[in-house]
Every structure is written in C-alpha cells, then in structure tokens.
Amino acid sequence: MITKAKKINIVLDASVPLQNPIKIHESMRYSLLAGGKRVRPILCLAACELVGGDEVTAIPMACAVEMIHTMSLIHDDLPCMDNDDLRRGKLTNHKAFGEETAVLAGDALLSLAFEHVAAKTTNVEPQRVIRAIAELGSAIGSEGLVAGQMVDILSAGKEVSLDELEYIHVNKTSKLLEAAVVCGAIVGGGDGIVVEKLRKYARCIGLLFQVVDDILDVTKSSKELGKTAGKDLASHKATYPRLMGLGKAKEFARQLVGNAMEELRHFDALRAAPLYHLAGYIASRQN
C-alpha cells in the first residue's frame, strides 16, 4: 500500500502545478496532497492487476478517483453541508482558504479528474476508456454520490430506517469506491462476470467503510481520527451504531467483510491478495 500510494502521490503532485491563479491551485493542492490513505486509487490499481492489466494503464483513472474523492470532502465540509473544521488533522479547505475558494477548488478538481483520464490514459482501447469514464460519471451524479448526499441532507432531524440509511451510504460512500474497482478492472481488460464479481466485492467494502466510520465516530477521539469526533451523535444524525447498537454494527461490519471476501474466491489467490488485504484493512482501520 505504501509503494502504490507513493506512485499515486507523485502523479497527483505533478497534476496540479502551482500556477496562476495561485490561490485556487494552492487550495486544490492543500486538500489533494493532505495525506490520506489513498484507499480508492490503490483499489483501482489492484483491480487492474487482478484481471491481468498493467498498473501503469490504470494510474490516470486511479488519480481521477482520488481527485473526485477530494472534491467530495471539500464540499462535504462546507458550512452549508456538514460544517466541519477539521479534515485529516488539518483545517478544512474553507477554513484555510475561504468558502468561495473551497467551492471553486472542488469544482476544478472534478473537472480535472475527467480531463486527466481522457488525456493521460495510454495503451487502452478507446472503448474501454469511454466505458470507464461513463462508470465514473454515473457513480458521482444524481443517481450516485449526489443522490446519497441529497437524501442525507433531507433526512436531517428525521427518523431514518436501516434501508434508508443503507441507500444514503451505498450512494454517498460506496458508489465511488465501487467505481474505483470497476474502472480499474475495465481499463485492465476485465469483462462480464469478472467485473460484476468485483462490483459486488466493492459494494460490500464501500458500505463497510461507512459502517466502520460510524463506529469510529463514537469510539475514538478527534485527535485519533484527524477530524471532529462524536459529531454525528451530537447532531442526532442516523448512523449504524445509533440504529443497530454498537455491538450489532460491529457484527454487520464483520458480515460485510465476509461477503466481500466470498466474491474474491473465484479469482487467483495470489493476484487477489491485495484486495483481500484491503478489505481487512478497511475493517480494522482506526482513523
């Protein structure tokens, strides 16, 4: 993971040079290069290699996914959304640069993501690149990330069922992580049942990511998390521990790990090893 993350970070650094207008590029770089685990781009590369592809072909897509993820964090932290002051142990983008700049930085990263895939992907059939771009666009639009965020906002202060909570998080969190895996597989040469098995794996670990996030919010401090702890509890937001209880939420997380790993049984164990590990890593993360 460290090796792959270093490769991703080098490309991300080069993708947003510090140029005029200086402030917007400083803002983009501030959040894009703020650290983070790079789970989504690493999943993208691992999926590409699992289906027999070369990681080099998937690096532009992997970086695009991280640009979009960063955009979603910048916008999610805004006062009109989750109104947070901390992200990855640092001031959130709007606290460091102002709300107007933060909105524009997110917009610029979203635009750059698709430009980066289209301009930098090489040695991949054009039809595969188009399929991957369509998959990525679908994951973050009004039937994906935006849908989850919208329903999350509309649910504030209301009683939410487990099915409604799952809808929010499948769209708000899981769809982008799913796209990272599926796009990596498409660019790497995967088709049909292979892609669908990986899609199911990614759907499980995407939801797992959110369940673990909810658990950490009530069991860790702000210092440990690198962001404001207990915020969901204080705002009476629907979370898995709140609706299921902490014990059952932890059991649900274990079930999702098992389901994800079951989808990998059909692949070569050595090639699938990184994806097995990443499922365990997401389940056991502490921040």
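A contact means heavy atoms within 4.5 Å. By this definition, residues 24 or more positions apart account for 73% of the contacts in the protein with a separation of 6 or more.

The model is predicted: local features need pLDDT of at least 70, side-chain atom pairs count only at pLDDT 80 or more, and totals for chains, interfaces and linings use all residues. Residues are numbered from 1 along each chain as its sequence is written, and side-chain values use heavy atoms, with hydrogens and water left out.

**Overall form**

The protein has 15 helices and two strands; helices (H or I, at least four residues) and strands (E, at least two) are DSSP runs, numbered from the N terminus. Its radius of gyration is 18 Å, close to the 19 Å that the globule rule gives for 287 residues, so the protein is as compact as a globular protein of that length. The radius is taken over C-alpha atoms, and the rule is 2.2 Å times the number of residues to the power 0.38. Of the 287 residues, 51% count as buried. Buried means under 20% relative accessible area, exposed over 50%, and partly exposed in between (1.4 Å probe, protein chains only).

**Backbone**

Most residues other than glycine have a negative phi, and most peptide bonds are trans. A cis peptide bond, with omega about -10°, joins Asn20 and Pro21. Pro21 is in the loop between helix 1 (2-15) and helix 2 (22-32).

Arg38 is not a glycine, yet has a positive phi of about 55°. Arg38 sits in the loop between helix 2 and helix 3 (39-50) and is buried, with a relative accessible area of 3%. Asn123 also has a positive phi, near 60°. Asn123 is exposed, at 76% relative accessible area, in the loop between helix 6 (99-120) and helix 7 (126-140).

**Salt bridges**

The structure holds 19 salt bridges, each a side-chain nitrogen of Lys or Arg within 4 Å of a carboxyl oxygen of Asp or Glu.

Arg88, in the loop between strand 1 (86-87) and strand 2 (90-91), and Glu66, in helix 4 (residues 55-76), are 22 residues apart. Arg88 is partly exposed, at 26% relative accessible area, whereas Glu66 is buried, at 1%. Arg87 lies in strand 1 and Asp77 in the loop between helix 4 and strand 1, so this pair ties together parts that are 10 residues apart in sequence. Asp152 and Lys172 are both buried. Glu135, Glu178, Glu196, Arg199 and Arg203 are linked in a network of salt bridges.
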